[in-house]
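Hello,

Here is the structure I promised to pass on. My notes follow below it.

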Amino acid sequence: MAGFLDVLLRGLILALASVALGGGVWTRGVLRAEPGAKPDAAARRALRAVALAGALTALCQAAVMLVALVELGRLHAGWPLGLFVQTTFARASSARVALGVGLAVFALRVAAGPAGRAWWLGLAGTAVALVGSSAVLSHAVARVDDRAALLALDAVHQLSAAVWVGGLAHLVLYGWGGDREPGSDRGVLRRFSNLALLSVAVLTAAGVAMTFFYVGDVAAFAGTAYGVMVVSKAL
């Protein structure tokens, strides 16, 4: 049961973190919100969604830590807090909880606007760090060879996916809003389309590079679970 709950929470974290980062890029790059100016209704709605996604990411990441700790306590007849907090998993997870909370604070402040460039940079930095830090909890950390390259590739892979998928979520949110500027839809769609195309190109390039390291040869595409997963994702 703990393993199943862990998988669900991690999937939810990926989705929420994507909404957070994708929303930041959407607001700045697609809606063209500017530092020092009060965000319009569509930008405020997107920024509040970013804040909610950041807070929920922090909550879910804390829940993942709790699930792991409870499972360790079941195996060791007590919660080994001292050992747990020394692990890379606990440290990275704690940092991600802090990043999620920080992101929520930055997003709410920017939404209340006008906010200066420092607040916008804080928003961007925490969102990128929140998604990029997930690489520390990925397959790459367990590798002895090529760990640094795989960590970088995984971070780029997840960042580009978050911009694309999170942007799609905000595109839907934008479409639901009835307070859009007249005649703005065509420009918004064109800018998001260009952003999505670039994101998918980077996502694909990083995925191909990781496949080279993780799968290794053609037979492994059918002979290993990871290879089958890569084929499924490509299709």
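Two notes on the source. This is a predicted model, where local features need pLDDT of at least 70, side-chain atom pairs count only at pLDDT 80 or more, and totals for chains, interfaces and linings use all residues. Residues are numbered from 1 along each chain as its sequence is written, and side-chain values use heavy atoms, with hydrogens and water left out.

Now the fold. The protein chain has nine helices and zero strands (DSSP runs, numbered from the N terminus: H or I of at least four residues for helices, E of at least two for strands). Its radius of gyration is 19 Å, close to the 18 Å that the globule rule gives for 235 residues, so the chain is as compact as a globular protein of that length. That radius is taken over C-alpha atoms; the rule is 2.2 Å times the number of residues to the power 0.38. The C-alpha trace spans about 60 × 45 × 30 Å along its principal axes.

Lys38 sits in the loop between helix H1 (2–30) and helix H2 (41–76). Lys38 and Gly113 are 75 residues apart in sequence, yet 4.9 Å apart in space, C-alpha to C-alpha.

Best wishes
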